[in-house]
Amino acid sequence: MIEKYEIKLKKSSILLAEDEENLRDSFKKVLLLYVQKVYTASDGEEALELYYKHKPDILITDLKMPKINGLDLIKTIRNENEEIPIIVTSAYTNQEFLLESIKLSLVEYAVKPIREINLSELLESCAKILLKHSRTIIKLAENCYYDYDNKTFTYKEETTLLTNKEIDFIEILLSHRGNLVTKYKIEDKLYIYEEAPPSALKNLVFKLRKKLKIDIIKTVSKLGYMIE
């Protein structure tokens, strides 16, 4: 594997969704030879929860799983993330899914078991995609930057650490930069697995503005927020 792809993978994380425990555990051990972190899920519902919690860089999923199947899992994640590399593993070839997969922009539909040489090639393809879409540090305003890799905000050379909710909020706005993101859409993503009072988002924005010391978050009427 080319060195730049190895380096990118070593800083990356994978979400592995596989309902067969022995296969899941052994696959995780192999994946950890390539990447920094592997999150494992035994069904589609758990995989979705882990995705929202950890925002992994790569998704590897089986098709047939309890609660939420692989196809519905991919569709849900693709709906909000068009860039994440996705590999599907299956013990058999599903012709119906192969047709569906064209619309889902998969890296590969791989029939199990996957040989390590093939896995290396698949992960290299994922690394190419990650590098292509890498945003690293972006300028928000004069002397004001957001670092995607380290999840930090810098203003006038002073770095501010952010909470997970603050990070998610900023990255939601940045993914729609220059456009309004409604309060409903933000709350739907921030509080998907928890109860939150009506004032939670308003309080989050209030505290974040004080922390950042520069007004980059714009309130649009009473509809939502944006970063220009």
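**View 1. Strand S12 has buried residues on both of its faces.** Gly 224 and Met 226 point one way from S12. Tyr 225 and Ile 227 point the other way. The model shown here and in the other views is predicted. Strand S10 (residues 181–182) pairs with S12 in the antiparallel sense, over two bridges. Val 181 stands opposite Tyr 225 there. Strand S11 (residues 217–220) also runs antiparallel to S12, joined by four bridges. Ile 217 has Ile 227 as its bridge partner in S12. Three residues lie between the strands in the hairpin of S11 and S12, where Ser 221 takes a positive phi near 45°.

**View 2. The largest nonpolar core holds 29 residues.** Leu 140, Tyr 146, Phe 153, Phe 169, Ile 186, Ile 216 and Ile 217 touch the most other members. Among the elements that give two or more residues to this core are strand S6 (137–141), helix H7 (164–175), helix H8 (183–190) and strand S12 (224–227).

**View 3. Contacts of Ile 216.** Neighbours within four places in sequence are left aside. Ile 216 is then in contact with Leu 140, Cys 144, Phe 153, Met 226, Ile 227 and Glu 228.

**View 4. Five strands make an open, parallel sheet.** Their order is S2-S1-S3-S4-S5. Strand S2 (37–41) and strand S5 (108–111) stand at the edges with a single partner strand each, so one side of each has no neighbour in the sheet. From one strand to the next, the twist averages 20°. Strand S1 (residues 13–17) is joined to S2 by five bridges. Ala 17 stands opposite Ala 41 in S2.

**View 5. A salt bridge links Glu 80 and Lys 189.** The N to O distance is 3.1 Å. Glu 80 lies in helix H4 (residues 70–80) and Lys 189 in helix H8, so the pair ties together parts 109 residues apart in sequence. Glu 80 is partly exposed, at 27% relative accessibility. Lys 189 is partly exposed too, at 26%.

**View 6. Lys 211 and Glu 166 form a salt bridge.** Their closest N and O atoms are 2.8 Å apart. Lys 211 belongs to helix H9 and Glu 166 to helix H7, so the pair ties together parts 45 residues apart in sequence. Lys 211 is partly exposed, at 28% relative accessibility. Glu 166 is buried, with a relative accessible area of 5%.

Methods
Residues numbered from 1 in each chain as written. Predicted model: local features only at pLDDT ≥ 70, side-chain atom pairs only at ≥ 80, totals over all residues. Heavy atoms only, no water. Pairing = 2+ DSSP bridges. Axes fitted to C-alpha atoms, helices over the stretch in contact; angles between N-to-C directions. Core = buried A, V, L, I, M, F, W, Y, C linked by side-chain atoms within 4.5 Å. Buried < 20%, exposed > 50% of the residue type's maximum accessible area, 1.4 Å probe, protein only. Contact = heavy atoms within 4.5 Å. Salt bridge = Lys/Arg side-chain N within 4 Å of Asp/Glu carboxyl O.
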